Amino acid sequence: MGDLTDQDLYGPTGKPDAADIHQRNLGDCYFVAPLGALATQQPERIQDAIAYNAETKSFTVTLYQHGHGGFLGLSDEAKPVKVEISQAELQTDMKVSDNLTHGPGNARGPIWPAVMEAAYAEQQERQGEGMTQGLGRIGGGGYPKNAIYALTGEQANRVSAHDAKSVPVDQMYDRLNGALQQGRPVLLSTNYMKDVPNDGLIKGDGNSGHVYMVEGATKDAAGNVELTLRNPWGHNITPGMGINSPDPITKVDLKTVLENGHVDELAIGPKPPHRTQDKDQTQQQGHDGPPKQAPSQVQTGDPAMDRLLASLNDPQAMDQALSSLAQSPEGQAFHAQGQAQYQAMEAQQAQQAQAQQQQAPQAPTGPVMVR
Amino acid sequence: MSLDHLPVSIAYSPKTPIGADTYPQEQTAFVQGVTAQAKAKGYQVAEQRVFVFVGYVPDIGPQWVVLHAELNNQLADTYHAEEIAKEVSADEPVASSFWRLSDGQVIAVAQSQPLPDGKALVGYFSLAK
């Protein structure tokens, strides 16, 4: 097989399309479903995330991970990470995961899902591991919220089944339909059902649920809300699992799948990015903001803190004062302490996640592992 | 329990195990790969059945993730099986899972790399210490 280039990324439309994904070998519906939903709602995000380097014949993918920002670097801030995918790594993904559509004959479909998946696998690799191990890590199930964050750098709004059931169904319709109209990706995660369901969703795989892309929401005159879902498998032929259709699209009654316990949660991703417009709005707000007040005359005895207080009405001076405070010995110590606390918290969460994965059967508390 | 009692997926064609003369080279490499994985876990292959996996939708072809769900649910429901290990690989087999049944028997199910015609092999392996 020759080298793959940016000419191979997309199909005839020149854009990513949810139908380009056929989840085959990895249990990573929690990643490919958000990826497909993003392709439908915000294809430009994916196009912007992938760059091809003709010189190195590699792809560079921008993903996001939790970083530190804000005051003294203590707040959680998405950190863009450039992940380079070589031809060999891409071929490994296509061999191990093989989640691309296959065209007539054995022609290959658009490769953007493989490029994105390989980048996500590389992001999850641990020191000394390669692409196969990374794919193994992402292929054992996970959570859509983590994939949405990695793809967009923004947190998803999660609506648990419990919360969704506690409001009238037409209110949920307004929320979901509104999100889709705003161009947000919307995902529906399921619980594993012990009995074979008859509600349009699959039973699940041994205590794990599944994730669908929500592509539409309609409400009839009687107030029944129907969701149009796409299965990342590329079909819904599921022997003994509750549905048997070659169509990847399935329609479900929202009230039914909430009340029978099949839905675990709905995740609503961020709006399409409008960074230039946001910047303009910020500048506009700056011009029209409240009148400036006199700088604080309070003296704390700490020169860095006093400079900060004196700069409260001058954004540029405040920026310098914050930098100065952050670089001071006290600021550095505070930063280090905060980072240590954050790392300890992350390590604890990782341990808890690992312990949860090792438990079998898994207790259905919180979001359910999906694959 | 005999391997003949394990569920046969609708995604296999034919619905009966193939002989060693079907896809002989690919089958040899596939079985060797599974045998090596089993050995690394302290087991040897005692018995095997190999099927041709055409997939649930012919245009899409073999999908381990769907087969795994189908078998995992049936093994759990019928034999109270517990999945004890799973692997993916760029070599043979591309994916494999190991289950311990309620009677203590350990079985492996694995899928091969794609065959030249786009299909794949699926093997059921009874493992012994």
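Where is Tyr23(B) found? I went to chain B of this predicted model and located Tyr23(B) in the segment before H1.

**Entry 1: Tyr23(B).** I checked the backbone here. Phi of Tyr23(B) is positive, about 45°, although the residue is not a glycine.

**Entry 2: Asn207(A).** I placed Asn207(A) in the loop between strand S5 (186–190) and strand S6 (211–219) of chain A. Is Asn207(A) buried or exposed? With 21 other C-beta atoms within 10 Å, Asn207(A) is buried.

**Entry 3: cis peptide bonds.** Ser13(B) and Pro14(B) are joined by a cis peptide bond, with omega about 0°. Pro14(B) sits in the segment before helix H1 (24–40) of chain B. I noted a cis bond between Glu92(B) and Pro93(B) too, where omega is about -10°. Pro93(B) belongs to the loop between S2 and strand S3 (95–100) of chain B.

**Entry 4: where the chains meet.** I looked up the contacts and found 26 residues of chain B touching 28 residues of chain A. Which elements of chain B each supply at least two residues to the side that touches chain A? I found helix H2 (64–79) and strand S2 (82–88). H2(B) gives the most, with 10 residues. I sorted this side of chain B by residue type and got 13 nonpolar, nine polar and four charged residues.

Terms used
Residues are numbered from 1 along each chain as its sequence is written. Chains are lettered from A and ligands numbered from 1 in the order in which they are written. This is a predicted model: local features need pLDDT of at least 70, side-chain atom pairs count only at pLDDT 80 or more; totals for chains, interfaces and linings use all residues. Two residues are in contact if their C-beta atoms, placed from the backbone, lie within 7 Å. Helices (H or I, at least four residues) and strands (E, at least two) are DSSP runs, numbered from the N terminus. Ala, Val, Leu, Ile, Met, Phe, Trp, Tyr, Cys and Pro count as nonpolar, Asp, Glu, Lys and Arg as charged, and the others, Gly among them, as polar. A residue is buried if 20 or more other C-beta atoms lie within 10 Å of its own, exposed if 12 or fewer, and partly exposed in between; C-beta atoms are placed from the backbone.
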